[in-house]
Amino acid sequence: KLKAVIFDLDGVLTDTASYHYKGWKRLADELNIPFDEKANENLKGIDRMGSLNKILESSKCIYSYEEKLALCDKKNRYYQEYIKGITEKDLLIGVNKVLIDLKEKEIKIGLASVSKNAFSVVEKLMIVDYFDYIADANKILKGKPDPEIFMTCAEGLGVKIEECLGIEDAAAGVTAIKRAGMIAVGIGNKGILQEADVVLESLEAFDINEMIERFF
Ligand code: G16
Ligand code: MG
């Protein structure tokens, strides 16, 4: 039986994925490291230091841990500048309806974002009250594609793994959901999200009754 739906944030509920890209792109340009949208695809869902390490793979320089921390801070300052103006108008299409449908059906709602800015973004989007559990990215030891954050959410919601459905826009995120043992709904490109049980263009096409019939 479906008891909980666990959402990723960036790229699923709002388009902060593009702000993360803008932040990394600005940093990479400053460091003269090649970086484009295609390379960015591999950063989606990956935590801050993990993302920086992937970008630095294309650099000729070697950076100390302290230097890397400073670069992470810099990217985060850029990112925070970009997300300052987020309001409920920045919710992606279909999100409000899905959240309302889930509440009506008494299906629990969780948030599984490895972003340390997730809570502040959800606050700006004015949807905090919908969530029964929001994973604390500061306490997650292994980021996506490790299943830890999705398993932590299931535990926090008080439901079994097989009673959960996860929704993700990143390949690493879909892998995390599948490794946790949950049904995975991908939002975006079928070619990129091959491991997902079903891929939709956006949450506008998400029908909870159809999901229950198909998978639960
Ligand atoms: C998100 C993004 C990633 C970002 C990560 C860490 O994960 O998809 O691109 O690097 O959070 O974010 P921050 O630097 O704000 O801590 P998710 O899990 O929401 O897709
Ligand atoms: Mg995402």
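Predicted model: local features only at pLDDT ≥ 70, side-chain atom pairs only at ≥ 80, totals over all residues.
Helices and strands are DSSP runs, numbered from the N terminus. On that numbering, Asp8 sits in the loop between β1 and α1.

Start with the whole protein. It holds nine helices and six strands. The radius of gyration is 17 Å, close to the 17 Å that the globule rule gives for 216 residues, so the protein is as compact as a globular protein of that length. Along the principal axes, the C-alpha atoms fill a box of roughly 55 × 35 × 30 Å. Of the 216 residues, 42% count as buried.

Next, confidence. The mean pLDDT is 97, and 100% of the residues reach 70 or more. For the complex, the predictor gives an ipTM of 0.92 and a pTM of 0.94.

Asp8 has 29 C-beta neighbours inside 10 Å. The cut-off for a buried residue is 20 or more, so Asp8 counts as buried. Setting aside residues up to four places away in sequence, Asp8 touches Gly45, Ala112, Ser113, Ile167, Glu168, Asp169 and Gly173.

Asp10 lies in the loop between β1 (4-7) and α1. Asp10 is buried too, with 24 C-beta neighbours inside 10 Å. Beyond four places in sequence, its contacts are Thr16, Ala17, His20, Ser113 and Ser115.

Glu168 belongs to strand β4 (residues 164-168). It is buried, with 31 other C-beta atoms within 10 Å. Its contacts, leaving aside neighbours within four places in sequence, are Asp8, Val12, Gly173, Val174, Ile177, Ala184, Gly186 and Ile187.

Which residues of α8 are buried? They are Ala171, Ala172, Gly173, Val174, Thr175, Ala176, Ile177 and Ala180. These buried residues pack against α7 (148-157), β4 and β5 (183-187). Just after α8, Gly181 takes a positive phi of about 100°.

The ligand comes next. Ligand 1 is surrounded by 20 residues, and the closest are Arg48, Ser113, Ser115, Lys116 and Asn117. Helices α1 (16-30) and α3 (48-56) each supply at least two residues of the shell. By residue type, the shell divides into six nonpolar, eight polar and six charged.

Two more positions complete the tour. Ala135 lies in the loop between β3 (133-134) and α7. Is Ala135 buried or exposed? With 23 C-beta neighbours inside 10 Å, Ala135 counts as buried. Beyond four places in sequence, Ala135 touches Leu111, Ala112, Ile140, Ile149, Thr152, Cys153 and Gly156. Ala135 and Gly110 are 25 residues apart in sequence and 7.7 Å apart in space, C-alpha to C-alpha.

Lys3 lies in the segment before β1. Lys3 has 17 C-beta neighbours inside 10 Å, so it counts as partly exposed. Outside four places in sequence, Lys3 touches Ile107, Lys108, Val159 and Glu163. Lys3 and Ile177 are 174 residues apart along the chain, and their C-alpha atoms are separated by 16 Å. Ile177 is one of the buried residues of α8.

Terms used:
Residues numbered from 1 in each chain as written. Chains lettered and ligands numbered in written order. Helix = DSSP H or I, 4+ residues; strand = E, 2+ residues; numbered from the N terminus. Rg over C-alpha atoms; globule rule 2.2 N^0.38 Å. Buried ≥ 20, exposed ≤ 12 C-beta atoms within 10 Å, placed from the backbone. pLDDT = per-residue confidence, 0-100. Near = placed C-beta within 6 Å. Nonpolar A, V, L, I, M, F, W, Y, C, P; charged D, E, K, R; others polar. Contact = placed C-beta atoms within 7 Å.
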